[in-house]
Amino acid sequence: MAVKKGVKQILKRCSSLGKKNTGEEAGELPGDVPKGHFAVYVGEKRSRFIVPISLLSHPEFQSLLDMAEEEFGFHHDMGLTIPCEEMAFRSLTSALR
């Protein structure tokens, strides 16, 4: 199932959350991502949002991950990109919190 695969990949990327960014390891998260959160890029301008990991358990957010996988795949240089308008993403994440 694509949703479970997407969630597993996100969780794998989030496994280093809370560690300081020393720049020693490739793929390490930036220092401004707090523990328990991850960064996503949304909309045409690829605006960056920091969202809590708890959103991964919501079916609505999992649908966004499916859309991201279909459009971009999970292996590209931009990071996790959500194909959604910024206002719709803000509304959805606000409702899910």
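Predicted model: local features only at pLDDT ≥ 70, side-chain atom pairs only at ≥ 80, totals over all residues.
Residues are numbered from 1 along each chain as its sequence is written, and side-chain values use heavy atoms, with hydrogens and water left out.

The chain has 3 helices and 3 strands, where helices (H or I, at least four residues) and strands (E, at least two) are DSSP runs numbered from the N terminus. Along the sequence they follow the pattern α-β-β-α-β-α. Of the 97 residues in the chain, 36% are buried; buried means under 20% relative accessible area, exposed over 50%, and partly exposed in between, with a 1.4 Å probe and protein chains only.

The strands form an open sheet of 3 with the order S2-S1-S3 and mixed pairing. Two strands pair if DSSP finds at least two bridges between them. S2 and strand S3 (81-82) are the edge strands, each pairing on one side only. S1 and S3 run parallel and are joined by 2 bridges. Tyrosine 41 has threonine 81 of S3 as its bridge partner, and valine 42 has isoleucine 82 of S3. S1 is mostly covered, with 5 of its 6 residues buried.

Next come the helices. H3 lies across S1, S2 and S3 and runs at about 10° to S2. Threonine 93 is in helix H3. Why does threonine 93 count as buried? Threonine 93 counts as buried because its relative accessibility is 6%. Leaving out residues up to four places away in sequence, threonine 93 touches Val51 and Leu55, contact meaning heavy atoms within 4.5 Å.

Two packed helices are described by the angle between their axes and the distance between the axes. The axes of H2 and H3 come within 10 Å and cross at roughly 145°. Axes are lines fitted to C-alpha atoms, for helices over the stretch in contact, and angles run from 0 to 180 degrees between N-to-C directions. Glu60, Phe61 and Leu64 of H2 meet Phe89, Leu92 and Leu96 of H3.

The largest nonpolar core has 16 residues, of which Val40, Val51, Phe61, Ile82 and Phe89 touch the most other members. Such a core is a set of buried Ala, Val, Leu, Ile, Met, Phe, Trp, Tyr and Cys residues joined through side-chain atoms within 4.5 Å. Strand S1 (37-42), strand S2 (47-52), helix H2 (59-72) and helix H3 (86-96) each supply at least two residues of this core, and H2 gives the largest share, 4 residues. Beyond its neighbours within four places in sequence, phenylalanine 61 is in contact with Phe38, Val51, Leu55, Leu56, Phe89 and Leu96.
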